[in-house]
Amino acid sequence: MENKNTNASAGMGGTLIITVFVVLCLMIFAALSFTTAYSDLKLARKAQDMASDYYSIHGKAEEKLSEISDILFETDINETMEGIKGRLSGIDGVSFDDKETVLQYEVHGDKNHKISVTLNILHDSMGYYYEISSWNLSNINMPDYEDKIIDIWKGTE
Amino acid sequence: MKNKVSLNSRVSLWEIILSVLIFAAAGIIMLNCFAIARFTQIRANDKTIAGAIIQSDFEIIKSLNTTDEMYEFLDNSYERKNIGNNNYAYTKYFDKNWNQNSMDKEYAVTIRISDEDMKSGNLMIINISAEKEKPYPFIKKEGMEQIYSIESKKFFPDFGGIHGE
């Protein structure tokens, strides 16, 4: 009877390979979870910057409104509209519409935001006062779509 | 005829020690990475929630017509603290789940108001900020950590200036 012995060496280096594989997998998971969390943080920071910019320009618009209000408050009832226009035009960024009693100003932010304000200058027996006609938030630069033909799906084949 | 197959698992002690060392070293880095990821996610969520709370309260203040209405809103919603020179800070506290709670104070939202006196009204400089009582782990900072802060102004006219439709 003949005995045949076959030696199969499976252990040499196997443990190390499995360890490296497991470590690599876990490293990838750790990196992915950190990347996801950091992306969320960046998004939250971006949203904060936008909100901060909006409230900053809102504050500047309110400040300008208070300056206009102060000028109107000090204006004598007998003063002509020309005189009032001259004094109000002294405020940076304030302009008048073709209609003499409509005043406009804009406040620009750093994140492509601007607030456009339109005021009606009115007067009664007590004196001059303003009425806010519009207070709009919009973008400074709009994207240019003129040369681009966008193929939009119309809902049917 | 008899065939014998003997599986010779010759795993040397050195190999096991090396594997354990690699796993331990990588484990420390990985655990740190997972922990940093967790607290980064918490920071991101805190920023988002604090932003929503702050903006909501700011919009309420913006919608009010007089300083009396504003102070009434602040007195009803916030705790008032004198911070000197007749200036007040209004604070409300939240627990770790961002539920308003005065006992378990984890987060604080504070409104600081200063009044710029104008001839025809009051220009209020309003700063709203959200802070965390304890700093986030893995970030070496002492004291309260600011999560979110915005500053703006609101003019309350004494006369005439009315908001049209």
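The text below goes through chain A and then chain B of this predicted model.

**Chain A**

Strand S3 (residues 102–108) of chain A runs antiparallel to strand S4 (residues 113–123) of chain A, and seven bridges join them. Within this pair, A:Glu106 stands opposite A:Ser116 in S4(A). The hairpin of S3(A) and S4(A) has four residues between the strands, and A:Asn112 takes a positive phi near 65° there.

S4(A) also pairs with strand S5 (residues 128–139) of chain A, again in the antiparallel sense. Eleven bridges make up this pairing. In S5(A), A:Ser138 is the bridge partner of A:Lys114. S4(A) and S5(A) form a hairpin with four residues between them, where A:Gly127 in the turn has a positive phi of about 150°.

| Hairpin | Turn residue | Phi |
|---|---|---|
| S3(A) and S4(A) | A:Asn112 | near 65° |
| S4(A) and S5(A) | A:Gly127 | about 150° |

**Chain B**

Chain B holds an open sheet of five strands in the order S2-S3-S4-S5-S6, with antiparallel pairing. Strand S2 (79–82) and strand S6 (145–157) of chain B are the edge strands, because each pairs on one side only. On average, neighbouring strands of this sheet are turned by 25° against each other, direction ignored.

Inside the sheet, strand S4 (residues 107–117) and strand S5 (residues 121–132) of chain B run antiparallel and are joined by eleven bridges. B:Asp117 has B:Asn122 in S5(B) as its bridge partner. Helix H1 (residues 13–63) of chain B lies across S4, S5 and S6 of chain B and runs at about 10° to S6(B).

Note on methods
Residues are numbered from 1 along each chain as its sequence is written. Chains are lettered from A and ligands numbered from 1 in the order in which they are written. This is a predicted model: local features need pLDDT of at least 70, side-chain atom pairs count only at pLDDT 80 or more; totals for chains, interfaces and linings use all residues. Two strands pair if DSSP finds at least two bridges between them. Helices (H or I, at least four residues) and strands (E, at least two) are DSSP runs, numbered from the N terminus. Axes are lines fitted to C-alpha atoms, for helices over the stretch in contact, and angles run from 0 to 180 degrees between N-to-C directions. Two residues are in contact if their C-beta atoms, placed from the backbone, lie within 7 Å.
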